[in-house]
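Please work through the following questions and answers with the sequence and the three-dimensional structure side by side.

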Amino acid sequence: MSEEKVSYWNPFLETLPRDKLIQIELKNFRAILDYAKKRAPFIREKFRDISPNDIKTMKDVRALPLIDKEDLRTAQEGKEPFPFGDILGVDIGAVNDFRQTSGTTGRPVYVPETYESWQWRIEVWCHILWMAGFRETDRVFVPFGYNVYVAFWEGHYAAEKLGCMVIPGGALDTKGRINKMIEVKATALLNTPTYGLHMAETAKKMGIDPKDIGIKKMVCAGEPLPQATRKMLENLWGARVYNHIGGTEPCGWASMCEERTGLHVIEPFFLVEILDMETLSREVEPGEMGVAVVTPLGRHSFPIIRFNTKDIVRRGEDGCPCGRTSMVLSEVVGRLDDLRKIRGVLFTPVTVEEILRREFPVVGEYEIIVEKRGVMDEISLKMELHEEIGASSLGELINSLRERLKMKTNLRFNIQLADPGELPRYTLKSKRFKDLRRGPLDGTK
Ligand SMILES: [Zn+2]
């Protein structure tokens with residue numbers, strides 16, 4: 001197959017005019033809601049006064065209730081059939097894949113898949129990987145043991161469906177994985193941003209320039225990936241690095257095309273609404289930030305309607321040089337759980353990561369800590385440096401960093417230097433932000 005500059009996994013759907021896409025999505029939204037009301041007691045109860053056939057426009061959709069992770073836990077805990085409970089949309093005998101959320105906050109959500117719904121997820125992931133230039137000539141290395149977590153399983157099966165050669169890289173340490181990638185001549189990687197950086201650092205310690213490993217494309221999952229970190233990964237690996245966003249409950253639902261400036265919603269597989277953060281009732285305009293609410297439109301095993309992902313994204317302008325017509329997100333800002341009000345200012349830790357990676361390459365590992373001193377919120381940045389610098393250069397560095405942080409976040413940071421190796425290291429997902437006050441938005445939950 002020739003690799004043209006732009007090619008689509010599904011040329012028909014990926015170039016349909018927007019109004020046609022929305023018509024298809026509304027039709028499938030009515031169908032999945034109708035189905036779910038018949039099969040899943042939780043949906044029947046939550047949408048009891050709603051008749052699917054009355055939903056004609058996006059405005060009608062916005063009038064419906066939202067579902068969040070806590071609702072799903074409640075629908076499952078102590079309910080039969082175990083462990084999926086009242087949100088299971090098929091007979092338990094039809095479930096042939098068990099996945100769950102990583103459960104870093106609270107109990108996990110258990111996600112059932114039938115053969116059919118699993119194929120639907122893989123088809124979505126084919127769009128994601130194809131957009132990132134994965135082709136049948138690629139050898140795709142997946143440097144994780146996937147366990148019950150879904151994203152790398154999806155990537156694995158989708159890469160197979162594309163005709164790639166897939167090499168599962170679990171049960172090896174990082175050095176073993178690097179050696180394996182070289183041995184099998186891997187050309188593509190599925191990764192988390194944190195592990196992408198960690199692997200590059202490890203390779204360098206082994207005397208190997210990560211660029212020489214031969215990886216040409218990398219799709220990242222699992223964490224927000226600010227543009228500065230994405231570009232850093234591209235420079236380290238000499239590869240094209242693609243961001244994507246998704247979750248265990250809805251599936252991956254938006255991903256970068258070859259332009260790598262924003263993400264395309266995988267339409268019409270999902271109906272995605274980007275809602276204002278205050279009221280969750282208005283769709284934001286291009287350029288505005290909002291919370292993503294996602295309805296997967298083709299999975300009957302786990303029929304979630306208007307799932308509040310708590311992912312904050314920025315809506316982009318419609319249209320993209322690649323020719324795809326789907327909704328564009330210009331940026332994944334972070335998790336609503338990470339959004340904090342500090343001295344009355346909305347703050348998200350990704351902003352700090354963006355400044356450090358883009359403008360202060362001498363800064364290595366870092367940690368952001370918010371705490372209360374008396375009645376005042378204090379925010380500190382603890383950082384390690386890649387190399388030792390003299391006292392006067394250090395003073396200059398701290399001053400200019402404090403100034404840039406103040407300008408971008410409106411907050412005055414207390415900046416401290418940590419000894420090399422003092423801060424915790426992360427290999428899979430990072431936890432560099434610690435809020436030691438009490439609640440999520442204002443410290444008073
Ligand atoms: Zn595009």
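Helices here are DSSP runs of H or I with at least four residues, numbered from the N terminus. The model is predicted.

Q: Is E353 buried or exposed?
A: A residue counts as buried if 20 or more other C-beta atoms lie within 10 Å of its own. Because E353 has 23 other C-beta atoms within 10 Å, the residue is buried.

Q: Which residues does E353 touch, not counting residues up to four places away in sequence?
A: Contact requires C-beta atoms, placed from the backbone, that lie within 7 Å. With residues up to four places away in sequence left out, the contacts of E353 are P226 and T229.

Q: How far apart are the end C-alpha atoms of helix α2?
A: Helix α2 takes in residues 18–39, and its 22 residues, at 1.5 Å a residue, should span 32 Å.

Q: How wide an arc around the axis do the buried residues of α2 cover?
A: The buried residues of α2 are L21, E25, F29, I32, L33, A36 and K37. They lie on the same side of α2, because the arc that they cover around the axis is only 130°.

Q: Which residues are exposed on the other side of α2?
A: The buried residues of α2 pack against α3 (41–46), α4 (58–62), β11 (270–275) and β12 (289–296). On the other side of the helix, the exposed residues are D19, K20, K27 and K38.

Q: Which residue of β12 stands opposite I274?
A: Strand β11, against which buried residues of α2 pack, is largely enclosed by the rest of the structure, because 5 of its 6 residues are buried. It pairs with β12 in the antiparallel sense over 6 bridges. In this pairing, the residue of β12 opposite I274 is A292.

Q: Which strands stand at the edges of the open sheet of 5 strands?
A: The order of the sheet is β4-β3-β5-β6-β7, with parallel pairing. An edge strand has a single partner strand, so one side of it is left without a neighbour in the sheet, and this applies to β4 (165–168) and β7 (240–242).

Conventions: Residues numbered from 1 in each chain as written. Predicted model: local features only at pLDDT ≥ 70, side-chain atom pairs only at ≥ 80, totals over all residues. Helix = DSSP H or I, 4+ residues; strand = E, 2+ residues; numbered from the N terminus. Expected span 1.5 Å × (residues − 1). Buried ≥ 20, exposed ≤ 12 C-beta atoms within 10 Å, placed from the backbone. Arc of directions from axis to C-beta. Contact = placed C-beta atoms within 7 Å. Pairing = 2+ DSSP bridges.
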